[in-house]
Amino acid sequence: MIKKLVAASSVAALALTFQVGAVLADDGAKRGGTLIWAVQNTPRHLNPAVQSGIATGEPGNQLFAAPLRYDEDWTPQPYLAESWDVSDDGLTVTLNLVKGATFHDGVPIKSSDVAFSIQTVKDNHPFKTMYAPVDSVETPDDHTAVIKLSKPHPALLLAMSSQLLPIIPEHVYGDGQDPKTHPANSENVVGSGPFKLVEFKRDQHVILERNDDFFIDGRPYLDKIVMRIIKDGSARMIALENGEAHLSGFEQNPRDINRMKKADGVTATSDGVAYAAIGPIAWLAFNTASEGPVGDTKVRQAIAYAIDRDFVNKAIMLGTSTPALTGIHPGSPFYEPDVERYDLDLDKANALLDEAGYPRGDDGTRFQLTVDYGWAGIKAQAEYVKPQLKKVGIDVVIRSSPDFPTWAKRVGGHDFELTWDVVFNWGDPVIGVHRTYQTSNIKKGVIWSNTQSYSNSRVDELMDMAGSETDPAKRKALYSEFQKLVAKDVPVYHTYALPYHTIYADAVGNPPVGIWATVSPLDRVYLK
Amino acid sequence: MNFLRQTAVRLGYAIALLLAVVVLNFVLIHIAPGDIADTIAGDMGGATEEVMAKIRADYGLDKPFIVQLGLYMGNVVRFDFGYSFFFNTPVTSLIAERLPATLLLVFSAQLLALVVGVVLGVISAQRPNGMLSHFVTLLALFGYSAPVFWTGIMLLIGLSLMLPLFPVAGMVDARLMDAPMWRQYLDVLHHLLLPALTLASIFLALYSRLCRASMLEVLGADYIRTARAKGLTEREIVYKHALKNSLGPVVTLAGLQFSAVVSGAVLVETVFSWPGLGTLALQSILARDTPTILGILFFSALVVIVGNLLTDLVLRLIDPRIRSGGG
């Protein structure tokens, strides 16, 4: 709790001017070596300005630098911006860029590149809420960018970190071609990050080499990074175990994690705030607009009481995951654990179902429900629902989808009653949390919009206020009320935070385990 | 002349078949729920309505189905397979990148399975009740019934983890980028062995069983008795007279199995992260990347057809009856 408060107060610092502190000391860090990094997917391309997601984010963070970074927790740190200032009314954010920083091709980084990058992200990135309030970016001189906002926008700082705002060179991407299909997204990529691109071979590898002119003196420590694309989880674990790979992020298979925790020479970790900015929450979502029983809040509450969150975390996830009670990640300063928990209580569930007007029939069954799931990794959770809800007289039919697009079409098209889902916070709640609960975001055909058709005017109001509240304590209070209200209405039954782990060999120093984990620059990572 | 006419007819069938493959697959992919906009949205962690509408418009998915099919067919006959939705790269160059890896894997596996299968079959046919014969039967049963991805992972655990002789995944060691060519060739061979062995395991079983059965049949034939009576050595009888005649069914089966080898490659490539068409195919299907899937199916159909034509030719070479019969 104390840690949370500290984190919350550090967010408070956004209203103040930051000065560059002493660069984090890396005791024992060594120069040189080649890091072999096992990654799970082939990126579409390497430019995070126009492509969200982990596959592009992992190499993207090495190639492109953002204005800010968040290393171990929720405190913003200088990166390409050596300091920044948020005006008292919250409507102006000034970035002071590091002097002497250059792109990989030697061209100096100017404030106009920052303005260009913000515009490119605003126009092309799928997370429209990140830069929607940005009216304009002024560039009084080459090292100062002044962001003008139409309303206070506290989510901006997180949206300027990790891969969410890569500073891309205007002299490369500003040539009039569509940035989404620009050739420089996959070949001859020019960024300003700690590493430069040597070769990108789809489904094989991304090879990166040290940027000797990186704007932080002495960094990065590694000479080279070879990102090997190994899609098969078992093969990836073997590579980590036999020393063919040093590092892997976003590992979430409970069996693999537990095996690697016991294996010699490697560490699997997800302690503290690791992956908290990614914020992956698994939940059981209800179609609240359903004509059937789940349209009734009492039925949803009954189902929540009948599902055992502890069992899912301990038995299905084998103790690797963290229970999540709300849509905000438990590692976030805005997480409110004091909400209606719906701890297992079959009597209460039965009583609520009776009250809702669904008495048991002669065979003990009240009604039938369909539960969906979209990918193999969550099948056990779907199957668990069937025997569990049978205990309270609900006959569950499990509907599997052969692949992701099939499921996305069904759920996006509101053709479901109950489904397992995983949704990511992506930094600030404004980016990844609001979308699930906002009435204005009930958009048929769009996956991870408000597919629950959930609508509560007070909840909408709370999100609107929290989205533009610059005082962290007040903001936290707004989100706290928001989480309590949502828990009462149960549009989704929040179950657990995905057990994302970073697995690394003993030889790796400063492994990436912060809030952005492996979607952060690896300039501090070294080989012992 | 007869041979040429037959070949021409076969080529005609092959082209018709290819076009049918394209149309059928185009229809099938469109029946599958979800499209590239759903995939890209999923890949990006969510998207707005506008972004998804934009993606659909960009890729022409907002046009009626029949118009899309017409446009695509028009392009295919001009050998234009379009751009991959997912990678924004011409499909032909994506396939050209992958085809060599798949061909290498498929042909190595096929060759390995044939050579080892035939040798095992011949040896066990000579002593139908010997230890080796039983072992081959057992191996065949095992190879045929074990799922190929399981065999792959077991080989990985045995020969990459417990006894680290072979690399886990991929086709090349990226650290050897600047090494001399011969070193890089060796490296590819080193990476190839486990996946080729895995893929060969199913077919090896099949070929050895078939070769054994067909050898046993031939060895009981009259002309073998004649050869024995003539005083030929056992070696000459088995390898010169019997083997040639018992190879027919094996080669026929090998040809028929060619498509199975190609589809088996999809699984093996996934387990070993082999950067071939199989890996690309799986990813494109999951991503609803229509132009890439159709391109891959087109080229795999082509590979299978060519494989079958080759089988015909080989059969003609080893069996004069087919040559003269013109069947």
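Two strands pair if DSSP finds at least two bridges between them, and helices (H or I, at least four residues) and strands (E, at least two) are DSSP runs, numbered from the N terminus. I keep to these terms throughout the entries on the sheet.

**Conventions.** I number residues from 1 along each chain as its sequence is written, with chains lettered from A and ligands numbered from 1 in the order in which they are written. The model is predicted, and local features need pLDDT of at least 70 and side-chain atom pairs pLDDT 80 or more, whereas totals for chains, interfaces and linings use all residues.

**Entry 1, chain A overall.** I looked up the make-up of chain A and found 16 helices and 21 strands. The radius of gyration of chain A (taken over C-alpha atoms) is 24 Å, close to the 24 Å from the globule rule for 528 residues, so chain A is as compact as a globular protein of that length; the rule is 2.2 Å times the number of residues to the power 0.38. Along the principal axes, the C-alpha trace of chain A spans about 80 × 55 × 45 Å. I noted that 57% of the 528 residues of chain A count as buried, a residue being buried if 20 or more other C-beta atoms lie within 10 Å of its own, exposed if 12 or fewer, and partly exposed in between, with C-beta atoms placed from the backbone. For contacts (C-beta atoms, placed from the backbone, within 7 Å), I found that among those in chain A between residues at least 6 apart in sequence, 71% join residues at least 24 apart.

**Entry 2, the sheet around β13(A).** I followed an open sheet of six strands in chain A, with mixed pairing and the order β14-β18-β13-β17-β15-β16. The edges are taken by β14 (322-323) and β16 (394-400) of chain A, each with a single partner strand, so one side of each is left without a neighbour in the sheet.

Within this sheet I looked at β13(A), residues 280-286, where seven of the seven residues are buried. Both faces of β13(A) are covered, with P280(A), A282(A), L284(A) and F286(A) on one side and I281(A), W283(A) and A285(A) on the other. β13(A) pairs with β17(A), residues 418-424, in the antiparallel sense over seven bridges, and I found L418(A) as the bridge partner of F286(A) in β17(A). β13(A) is also joined to β18(A), residues 492-497, by five bridges, again antiparallel. In β18(A), A497(A) stands opposite I281(A), and V492(A) is the bridge partner of A285(A).

I checked the peptide bond between R219(A) and P220(A), which is cis with omega at about -10°; P220(A) lies in the loop between β9 (205-210) and β10 (224-229) of chain A. I then looked at W426(A), which has a positive phi of about 50° although it is not a glycine and sits in the loop between β17 and α13 (429-432) of chain A. W426(A) counts as buried because it has 27 C-beta neighbours inside 10 Å. V490(A), likewise not a glycine, has a positive phi near 45°, and its place is the loop between α16 (472-489) and β18 of chain A. V490(A) is buried, with 26 other C-beta atoms within 10 Å.

I found 42 residues of chain B in contact with 41 residues of chain A. On the chain B side, the elements that give two or more residues are α2 (36-43), α3 (49-58), α7 (148-162), α11 (258-272) and α12 (277-287). By class, this side of chain B has 24 nonpolar, 12 polar and six charged residues; Ala, Val, Leu, Ile, Met, Phe, Trp, Tyr, Cys and Pro count as nonpolar, Asp, Glu, Lys and Arg as charged, and the others, Gly among them, as polar.

Leaving aside neighbours within four places in sequence, I found Y207(B) in contact with residues including A113(B), L114(B), V250(B) and A254(B).

Technical notes
Two residues are in contact if their C-beta atoms, placed from the backbone, lie within 7 Å.
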